[in-house]
Amino acid sequence: MPANKKLLMLPGDGIGPEVMREVSHILEWLDRRRIASFDIGQGLVGGASIDATGLPITPDVVDRAKNSDAVLFGAVGGPKWDKMGFDLRPEIAILTLRRELGLFANLRPATVLDPLIEASTLKPDIVRGLDIMIVREATGGIYFGEPRGIETLPDGQKRGINTEVYTTSEIERVARVAFDLARQRQGRVCSVEKANVMESGLLWRQTVTALGAAEYPDVALSHMYADNCAMQLVRNPRQFDVIVTGNLFGDLLSDLASMCTGSLGMLPSATLGAPDSSGRRLSLYEPIHGSAPDIAGQGIANPLAQTFSLAMLLRYSFDMKEEAALVEQACLAVLEQGLRTADIMQEGKTRVTTMEMGAAVMRELERLAA
Ligand code: IPM
Ligand code: MG
């Protein structure tokens, strides 16, 4: 079968390479079963890249990412690189990829799977069936706004500066992603900003309102201030379907929403660019859990978030909906059998290693596809 799907794997640091290894077995399986064949490249990012090249990401890796149909990213960072200069932090790798590839729409689902309902610190009645999609703007806002920097004032003290800035087109394109997703879900979008104190938030609210009225009258649009949204996410998270928000609020609220599920080791994310004239859109998929240096190298990390990230990749980048669902079902089946990595371990369940979890997912895939 021709390998027509170009995939770049960037495992990164910490548990990144450990969980990525399990996912590569699924790709091999898809190939062996002649379901799909991938042209797979590998590259260094984060601390691994700093050690090899002095840079958190090299222009070569950025170019290869641009020339791939999808990037599967692991995680970056660790104490070894904590003392790097601000511009050489491992995190620069992911920020550079988002910016250089124009990956403006960061999709962060927070779903509670029934077998893991007890993992949440919230009461089961509050989170049962939770299924939120946060759409976080990822190439603008205060993360990238100018002016920025640290300057020295005439009196000798210093001043740190960052700028929250959004244009109408930046707001519209990310809002469109949210509205389109809502149409495939429960048809509700909640747009989140601080229009009560920030002009950029006011423009955000006006722009999303106008777009909703003009192009998405069928989607129920509501607005919420970011602080209230944080509270509502803990009070009654099921009121939300799709949340759309800027870069910084999205960073905070997606961590909050992920903890409603109680299992960070389970959650994937996708970051998408704009479709070109042929419909191809650059995209990057990553688990939200980070490099977890405290447990790296022990073989105990949960590979399921990376596995769910692969499922999102199959669904959004290659339109392989059935295969994506198959991978997700395999993960769910393994959980229903009571297998648990350390992070989601509960009384009465069977504790397994990263490799055992990966192998169990493979067994389920075989069984489901038979
Ligand atoms: C995330 C992370 C990143 C961010 C860091 C690693 C730069 O927290 O993806 O949420 O702040 O965007
Ligand atoms: Mg974050």
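Four aromatic pairs occur in this predicted model. Rings of Phe, Tyr and Trp (its six-membered ring) pair if their centres lie within 6.5 Å; planes under 30 degrees apart count as stacked, over 60 as edge-to-face and the rest as tilted. A pair of aromatic rings is described by the distance of the centres and the angle of the planes.

One of the pairs joins Tyr166 and Trp204, and it is edge-to-face. The centres are 5.2 Å apart, with 70 degrees between the planes. This pair links distant parts of the chain, 38 residues apart. Tyr166 sits in the loop between β7 (158-161) and α6 (168-184). Trp204 belongs to helix α7 (residues 199-215). Helices (H or I, at least four residues) and strands (E, at least two) are DSSP runs, numbered from the N terminus. Tyr166 and Trp204 are both buried. Buried means under 20% relative accessible area, exposed over 50%, partly exposed in between (1.4 Å probe, protein chains only).

Phe179 and Tyr216 form a stacked pair.

A charge sits over a ring if NZ of Lys or CZ of Arg is within 6 Å of the ring centre and within 35 degrees of the ring normal. Arg89 lies over the face of Phe86, 3.8 Å from the ring centre. Arg173 lies over the face of Phe104, at 4.2 Å from the ring centre.

Cys260 is in no disulfide either; its nearest cysteine sulfur, that of Cys229, is 9.9 Å away. Cys190 is buried, with a relative accessible area of 5%. Cys260 is buried too, at 2%.

Next come the UniProt annotations, from an unreviewed entry. The annotation "binding site" covers Asp227, Asp251 and Asp255. These residues span 29 residues in sequence, yet no two of their C-alpha atoms are more than 13.9 Å apart, so they gather at one spot. UniProt positions are given in the numbering used here, feature names are shortened, and annotations may be inferred rather than shown by experiment.

Asp227 is in helix α8 (residues 226-235). Asp227 is partly exposed, with a relative accessible area of 45%. Asp251 lies in helix α9 (residues 247-261). Asp251 is partly exposed as well, at 24%. Leaving aside neighbours within four places in sequence, Asp251 is in contact (heavy atoms within 4.5 Å) with Arg108, Arg136 and Tyr143.

UniProt also lists residues 6-361 as "domain: Isopropylmalate dehydrogenase-like" (unreviewed entry). The span is 40% helix and 20% strand, and its end C-alpha atoms lie 24 Å apart. Ala359 is in helix α12 (residues 354-369). Ala359 is partly exposed, with a relative accessible area of 34%. From Ala359 to Asp155 is 204 residues in sequence and 63 Å in space, C-alpha to C-alpha.

Residues are numbered from 1 along each chain as its sequence is written, and chains are lettered from A and ligands numbered from 1 in the order in which they are written. In this predicted model, local features need pLDDT of at least 70, side-chain atom pairs count only at pLDDT 80 or more, and totals for chains, interfaces and linings use all residues, while side-chain values use heavy atoms, with hydrogens and water left out.

Terms used. A disulfide is a pair of cysteine sulfur atoms within 2.5 Å.
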